[in-house]
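Subject: Model handover and notes

Hello,

The structure is below for your files. My notes on a few residues follow it.

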Amino acid sequence: MQEALRGLDSEDTSVVVSGSLARDEFTEGSDIDWTLLIDGSADPKHYDLVGRIDALIRKPEIKPTGAEGTFAAMVFSHDLIHQIGGEDDTNRNTTRRLLLLLESQAVGREDACERVARHILDRYLLEDRGLWRASKYRVPRFLQNDIARYWRTLAVDFAYKLRTRSGKGWAIRNIKLRMSRKLIYVSGLLACFRCHFDYSDPEATEIFRDPKRHKEVVEHLRNVFAMTPLEIVAGVLLKYPHLDSAAQSIFDSYDKFLGIVADQQKRKHLEELNEGDGERDAVYQDARTLSHQFRDGLLAFFFDQKSGLDDLTKNYGVF
């Protein structure tokens with residue numbers, strides 16, 4: 001892709017991929033979720049540029065992007081930065097904004113992508129008044145609440161798509177919701193928690209008494225989000241050896257989940273499985289069991305008392 005798209009981006013435009021490709025989990029059955037991110041003057045040529053990019057990316061062997069129009073389109077930075085909350089912050093806009101932070105990579109020039117991501121984090125941090133008032137927990141609540149909202153939107157949209165698509169593809173979407181979609185939320189929550197853990201010493205906490213130093217926190221969060229979701233989870237778990245059994249449950253189950261979606265026969269089976277056959281289907285039930293192991297590992301992780309994660313989870317993940 002980098003070779004094929006060379007020269008089509010610029011200082012003001014980035015071709016951004018998200019989904020399994022950005023998470024380093026791409027398999028033969030994966031699609032390529034991409035957008036042309038524009039952080040500059042509107043140009044009529046952008047429309048033709050989207051068509052050229054699409055023609056280079058869309059191949060017969062590549063699964064097409066979703067029908068909702070979220071991807072394979074041009075996206076303007078103004079909407080992502082300024083429309084946070086309110087009626088104009090549509091599901092599509094929320095999805096594009098949060099995925100830009102949580103699981104995106106630029107293919108080629110990163111100028112626009114990095115600039116927009118930092119501006120988005122600027123908004124979340126500068127307008128989070130509680131973060132700069134020396135509270136007990138140094139967690140960016142504005143950002144964390146939006147990540148939680150996105151996760152709940154994914155869960156609600158699963159039911160919506162189940163109805164509008166007459167159950168088509170329900171099994172593969174259900175397993176992804178339980179695994180890869182949940183992983184996105186988990187990594188976002190941990191990224192927010194790391195603001196508390198990584199700035200725990202007295203000298204570091206001074207940053208949160210001075211809003212003028214918010215750029216330092218922006219850079220910290222940007223560096224965390226530059227990792228894949230699995231790397232973010234691993235980075236926190238490695239700090240707590242007593243959570244090795246939880247880590248094993250999380251990573252073993254996720255590894256086997258990736259094995260299922262990488263198996264063309266099993267993936268096709270899940271994509272075509274009728275909803276009424278799920279309870280008796282061995283492939284779906286195996287995947288469902290893995291999702292329970294993944295969930296149990298996460299519960300042991302997030303409600304661990306020794307690390308202090310339980311307090312953070314109760315205060316931010318629950319209430």
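Buried means under 20% relative accessible area, exposed over 50%, and partly exposed in between, with a 1.4 Å probe and protein chains only. This is a predicted model, in which local features need pLDDT of at least 70 and side-chain atom pairs count only at pLDDT 80 or more, while totals for chains, interfaces and linings use all residues. Residues are numbered from 1 along each chain as its sequence is written, and side-chain values use heavy atoms, with hydrogens and water left out.

Ile 184 counts as buried because its relative accessibility is 2%. Ile 184 is part of helix α6, residues 170-198 (helices are DSSP runs of H or I, at least four residues, numbered from the N terminus). Leaving aside residues up to four places away in sequence, Ile 184 touches Arg 23, Leu 99, Leu 102 and Glu 103 (contact means heavy atoms within 4.5 Å). From Val 107, 77 residues apart along the chain, the C-alpha separation to Ile 184 is 20 Å.

Arg 23 is also among the contacts of Thr 228, which touches Ala 22 and Asp 24 as well, with residues up to four places away in sequence not counted. Thr 228 sits in the loop between α8 (214-225) and α9 (229-237). At 9% relative accessibility, Thr 228 is classed as buried.

Phe 303, by contrast, is partly exposed, at a relative accessible area of 39%. Its place is the loop between α12 (282-302) and α13 (309-318).

Regards

Methods
Helix = DSSP H or I, 4+ residues; strand = E, 2+ residues; numbered from the N terminus.
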